[in-house]
Amino acid sequence: MKYYFNNDSVDPYYNFAVEYFFAKHNIPVFILWRNKDSILLGKNQNIYREINLKYAEENGINLVRRLSGGGCIYTDEKNMQYTFIESQNYANDFKHFANMIINQMKKMGLNPEFSGRNDILIDGKKISGNAQYMKNSMVVHHGTILFDIGVEKMMNSLTPQKIKFEGKAIKSVESRITTINDMIDMEYDEFFNKIKNGIIEDNNLEEYVLNDSEKEEVNKYINLFKNEEFIYSKGETTANYQRKHKFGVVEYSYNIKDNLIDSFKIEGDFFSNKDISEFCDMFVGKAMTIDGFHNVLKDVNIGQYIVGMDEKVFLGDIFD
């Protein structure tokens with residue numbers, strides 16, 4: 001590497017855009033950064049299987065699809081991300097990059113080790129995961145350091161089926177991960193600066209400062225990561241389930257592809273004043289979001305199609 005870049009942004013879309021800029025222009029660089037509440041989805045993952053979308057939307061959690069593979073993670077301003085952009089000579093060499101982080105932690109009296117495919121552990125518990133993607137002649141290697149994190153919020157954001165059906169899910173995660181602040185008497189900013197400055201000094205890095213035209217280019221790439229078609233691009237799922245209410249059993253069947261409803265069917269022993277298929281057709285082609293459903297329902301009397309049903313109960317059936 002030749003450069004480091006000071007990044008004070010906590011906007012995940014900007015952060016991934018600036019990373020993309022450096023890779024696109026073959027600039028070898030180190031960046032240490034952090035995000036406001038965000039879920040970072042692996043390039044090849046199905047968003048519906050990985051994320052509790054209702055919880056994320058209600059709690060203002062950003063959804064970002066990475067260009068790298070690997071798993072889905074929750075991040076906030078209590079932890080930090082690092083990026084190394086180097087020649088593709090280091091492609092798939094996860095340990096090479098992880099060791100740069102490990103060496104700085106050892107200077108602080110910690111005892112981390114590289115483990116498995118892409119993790120850093122301390123005392124057998126995960127404190128960092130890593131992922132990579134290739135761009136032009138460069139490898140983009142990035143990872144997370146768990147300085148601190150709200151485990152309950154993380155668990156509510158991810159793997160909705162496990163949250164719904166496994167009461168011991170949070171305890172399970174707590175047994176497999178740990179946080180730096182439980183191991184060291186140091187505030188976040190001090191730890192952040194020690195990691196950052198140590199890597200800069202060990203590698204004799206020069207600061208890279210974006211000029212005005214480069215800033216404009218980075219801002220254009222933000223739209224790539226904010227684009228909902230890209231975020232939901234790997235998402236396809238089918239749901240079949242029923243809900244029992246005092247006004248009858250309602251059975252739902254629908255298919256979602258790229259966050260749009262491909263088919264939608266409601267059956268059951270409820271009463272109707274209007275044809276239920278007419279109601280179902282209103283949702284085909286619409287976004288599978290609470291706002292998307294609100295837009296459909298704002299001019300519709302749902303009780304005419306399912307007698308006794310109201311919007312609140314209906315949205316609960318779909319999104320809870």
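Biologist: Why is Lys 153 called partly exposed?

Modeller: This is a predicted model. Lys 153 has a relative accessibility of 27%, and partly exposed covers what lies between under 20% for buried and over 50% for exposed, so Lys 153 counts as partly exposed.

Biologist: What makes Asp 37 and Lys 153 a salt bridge?

Modeller: Their closest N and O atoms are 2.5 Å apart. The cut-off asks for a Lys or Arg side-chain nitrogen within 4 Å of a carboxyl oxygen of Asp or Glu, so the pair qualifies as a salt bridge. Asp 37 sits in the loop between strand E2 (29-33) and strand E3 (38-41), while Lys 153 belongs to helix H5 (residues 151-157), and the two are 116 residues apart.

Biologist: How many salt bridges does this rule give?

Modeller: The count is five. Among them is Glu 58 with Lys 54, at 2.9 Å between the closest N and O atoms.

Biologist: Why are Glu 58 and Lys 54 separated by about one helical turn?

Modeller: Because they are four residues apart in helix H3 (residues 53-58).

Biologist: Is Lys 54 buried or exposed, and why?

Modeller: Buried, because its relative accessibility is 18% and the limit for buried is under 20%.

Biologist: What makes Lys 107 and Asp 202 a link between parts of the chain?

Modeller: Their side chains meet in a salt bridge, 2.8 Å from N to O. Lys 107 is in helix H4 (residues 94-107) and Asp 202 in helix H8, so the bridge ties together parts 95 residues apart in sequence. Lys 107, with a relative accessible area of 54%, is exposed, because exposed begins over 50%. Asp 202 has 46% and is therefore partly exposed.

Biologist: Why is Thr 83 called buried?

Modeller: Its relative accessibility is 0% and buried means under 20%, so Thr 83 counts as buried. Thr 83 lies in strand E6 (residues 80-87). Leaving out residues up to four places away in sequence, Thr 83 touches several others, including Phe 30, Trp 33 and His 141.

Biologist: What makes Asn 79 buried, and where does it lie?

Modeller: Asn 79 lies in the loop between strand E5 (73-75) and E6. Asn 79 has 0% relative accessibility, so it counts as buried. Beyond residues up to four places away in sequence, its contacts include Arg 34, Phe 147 and Tyr 188.

Biologist: Why does Glu 187 count as exposed?

Modeller: Its relative accessibility of 61% is over the 50% limit, so Glu 187 is exposed. Glu 187 lies in the loop between helix H7 (169-176) and helix H8 (188-203). Together with Asp 185, Asp 189 and Glu 190, Glu 187 forms a patch of negative charge on the surface.

Key
Residues are numbered from 1 along each chain as its sequence is written. This is a predicted model: local features need pLDDT of at least 70, side-chain atom pairs count only at pLDDT 80 or more; totals for chains, interfaces and linings use all residues. Side-chain values use heavy atoms; hydrogens and water are left out. Patches are made of residues with over 30% relative accessible area and no salt bridge: like charges are joined within 9 Å, nonpolar side chains (Val, Leu, Ile, Met, Phe, Trp, Tyr) within 5 Å. Accessible areas come from the Shrake-Rupley method with a 1.4 Å probe; for residues, only the protein chains shown count as cover. Lys and Arg count as positive and Asp and Glu as negative; His and the chain ends are not counted. The place of a charge is taken as NZ of Lys, CZ of Arg, CG of Asp or CD of Glu. Buried means under 20% relative accessible area, exposed over 50%, partly exposed in between (1.4 Å probe, protein chains only). Contact means heavy atoms within 4.5 Å.
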